[in-house]
Amino acid sequence: MAALIEVENLMKHYRLGDVTVQALRGVSFRVERGEFVAIMGASGSGKSTLMNILGCLDKPTSGSYRFDGISVSELSRDQLASMRNKKIGFVFQTFNLLARTSALANVELPLLYNGVSARERHSRAFAALLAVGLENRQDHHPNQLSGGQQQRVAIARALVNQPQIILADEPTGNLDSKTSSEIMAIFQRLNREAGITIVLVTHEPDIAAYAGRMLVFRDGRLLQDEAVERPRIAFQELEQRTADDTGITGI
Amino acid sequence: MNLLINVRIALRALRVNRLRSALTMLGIIIGVAAVIAMVAVGSGATAQIQEQIRSIGSNVLIVLPGSTTSGGIRLGHGSVLTLSEDDAEAIARECPAVALAASSMRGTGQVVLGNDNWSTVIQGVTPEYLQIRDFIIQSGRPFTWQDVDGATKVALVGHTVMQNLFGGTDPVGQIIRIKKVPFTVIGTLAPKGQSAWGQDQDDIILMPISTAKRKVLGVSQANARAVGAIVAQARHAMMMQEAQEQVVALLRQRHRLQPDEEDDFSVRNLVEVFGAQEQSARVMSILLGAIASVSLVVGGIGIMNIMLVSVTERTREIGLRLAVGAKARDILTQFLVEAVTLSLIGGLVGIALGLSVSILISYFAMWSTLISWGAVAMAFAFSALVGISFGYYPARKAAFLDPIEALRYE
């Protein structure tokens with residue numbers, strides 16, 4: 001079975017007026033199913049461009065990108081849309097939830113675009129909310145939820161179509177450290193228990209330390225590709241933290 | 001993704017921005033209401049004129065005495081009675097395109113009943129006149145040729161005379177004095193309303209022409225058979241022109257006019273005159289409708305404006321929808337349905353408003369309005385069309401947004 005992501009000599013050029021910006025200058029790597037990969041780099045390193053291409057939102061200028069054995073560069077706009085719908089879940093830094101819309105309806109959104117019946121939509125969206133522990137918040141609107149809860153709704157939305165991969169772009173960028181750990185705990189659980197591949201972009205080494213593998217980019221090139229030796233385990237840290245707060249450490 | 005879901009998404013979005021949606025609809029509401037009300041006013045005017053044409057009688061030609069030259073002095077129309085009862089009989093007999101012809105003589109006189117009196121139009125006519133002018137006997141009986149031959153003193157009274165003179169009592173069988181001559185009322189005429197020139201057609205008393213000449217109006221000693229006017233009815237609306245030509249030819253021959261002499265009578269086709277009026281009312285109604293349609297177009301521009309604002313405002317939402325798998329078609333449909341929903345709801349409210357305004361206009365301004373269901377259907381269809389055509393550009397703009405740019409939009 002082929003790797004989930006196979007990137008060969010990927011290049012992406014933008015034209016900004018008269019200047020051609022080389023966002024990616026020949027990147028090659030593979031991601032196997034079930035991996036948890038962190039992509040790191042300063043801004044302008046090309047990591048966002050790479051994420052857009054991996055997420056089938058953009059096409060490379062040259063080089064090949066095969067996702068799940070399919071050559072993405074040959075797909076039409078509509079085929080890309082259906083690929084995003086069925087195989088990829090997105091999590092954004094700014095959550096991107098629909099305002100004045102219930103958590104459940106937000107989670108249902110991807111299902112609106114693949115002809116799932118109303119009843120199945122509800123039950124699948126509810127199951128996804130259950131998976132992130134927000135089943136009792138299904139009727140809340142985003143402005144009634146905390147940042148961490150909003151991001152959990154967004155993760156539920158990414159999960160609802162049972163994707164092969166979740167692409168998370170700075171998912172903890174707007175959250176405090178405790179909430180970040182909670183979010184990372186969810187990602188780790190989905191990765192371990194459901195076997196969902198996770199690719200996460202971050203510029204914080206602390207967050208990248210939760211992943212199993214780290215790719216570091218600079219100036220459009222892959223600088224470093226190495227396994228994380230002892231990944232942090234979010235749920236243990238959370239337990240530890242709770243213990244600290246209640247002062248029952250060491251009993 | 002089916003249409004129903006799109007409709008639900010659109011309705012949600014409209015409900016979220018209630019005030020804005022209502023204001024946007026207002027443009028369409030006013031447009032549709034204006035079209036319906038204006039067309040109703042226009043058709044009301046047309047219908048009124050048609051009613052007046054009907055009150056003249058159908059396919060009626062009126063022959064009036066014309067100018068004559070007497071010793072080098074040209075006299076005005078009607079100053080000399082150049083038409084006679086024999087002319088009327090000849091027209092009926094000899095013009096194939098004419099079905100009926102009747103003589104008429106007109107004057108005014110004081111009518112007395114007991115202590116009451118009333119000045120009205122006295123018209124002496126032959127029995128066919130009732131038929132040609134479409135006078136309907138409401139009660140009693142019409143007079144006949146026997147009454148004409150015998151110059152009997154019988155009269156038919158119009159509705160206005162009846163109200164002014166008889167109060168609530170039944171006029172039939174009562175004796176009235178017209179210019180001091182006693183007459184028996186043998187029947188009453190059904191109301192005809194105002195004529196096209198504003199004359200009350202019910203303020204009238206009809207009697208046999210012979211009686212009128214001898215007892216009431218007086219006769220010219222020179223020509224005892226002279227009449228004030230002849231009315232003729234063509235066999236068919238299509239034969240009006242033909243009938244007119246035949247009447248002219250016959251009268252020229254009977255009056256022994258040389259080819260270079262002018263007609264000493266004139267033939268008028270009143271339907272033609274009012275036809276022109278009707279035509280202008282029709283043009284007026286089209287014009288009113290057209291002006292009102294402009295406001296509908298302005299309403300459409302309002303929709304386009306708001307949809308463009310909405311697309312810009314919701315750029316991130318569109319980006320998100322595209323990212324989670326919406327196809328360009330889905331986004332296009334969503335925004336198009338929103339625009340069409342705005343215009344259709346606006347259209348429905350506009351129809352309700354337009355109908356009420358039409359009713360209020362006819363109630364308070366006393367204008368006759370006629371609600372045209374064709375215009376209602378057209379205004380509604382047009383508002384849907386406005387929604388589609390003015391909603392398409394913003395919807396297309398939304399559908400072809402770049403998802404990356406859209407997601408990054410602040």
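In which hand does H3(A) pass H4(A) in a crossing? In this predicted model, the crossing of H3(A) past H4(A) is right-handed. The two helices pack at an angle of about 115 degrees, and their axes lie 9 Å apart.

From H3(A) come A:Ala103, A:Leu104, A:Val107, A:Glu108 and A:Leu111. H4(A) answers with A:Arg121, A:Arg124, A:Ala125, A:Phe126, A:Ala128 and A:Leu129. Sorted by class, the contact of H3(A) with H4(A) has eight nonpolar and three charged residues, with no polar ones.

Now stay on H3(A), which covers residues 103-112, and pick out A:Pro110. A:Pro110 counts as buried because 31 other C-beta atoms lie within 10 Å, where 20 or more are enough for that label. Leaving aside residues up to four places away in sequence, A:Pro110 touches A:Asn85, A:Arg157, A:Val160 and A:Asn161, along with B:Val324 and B:Gly325 of the other chain. As for A:Arg33, it sits 77 residues from A:Pro110 in sequence and 23 Å away in space, C-alpha to C-alpha.

Those two partners from chain B lead us to the contact between the chains. Chain A brings 19 residues to it and chain B brings 17. On the chain B side, the elements giving two or more residues are H1 (3-16), H10 (315-323), H11 (328-365) and H13 (403-408). H10(B) gives the most, with five residues. By class, this side of chain B has twelve nonpolar, one polar and four charged residues.

Key: Residues are numbered from 1 along each chain as its sequence is written. Chains are lettered from A and ligands numbered from 1 in the order in which they are written. This is a predicted model: local features need pLDDT of at least 70, side-chain atom pairs count only at pLDDT 80 or more; totals for chains, interfaces and linings use all residues. Helices (H or I, at least four residues) and strands (E, at least two) are DSSP runs, numbered from the N terminus. A residue is buried if 20 or more other C-beta atoms lie within 10 Å of its own, exposed if 12 or fewer, and partly exposed in between; C-beta atoms are placed from the backbone. Two residues are in contact if their C-beta atoms, placed from the backbone, lie within 7 Å. Axes are lines fitted to C-alpha atoms, for helices over the stretch in contact, and angles run from 0 to 180 degrees between N-to-C directions. A crossing is left-handed if the near helix is turned anticlockwise from the far one by less than a right angle, and right-handed if clockwise. Ala, Val, Leu, Ile, Met, Phe, Trp, Tyr, Cys and Pro count as nonpolar, Asp, Glu, Lys and Arg as charged, and the others, Gly among them, as polar.
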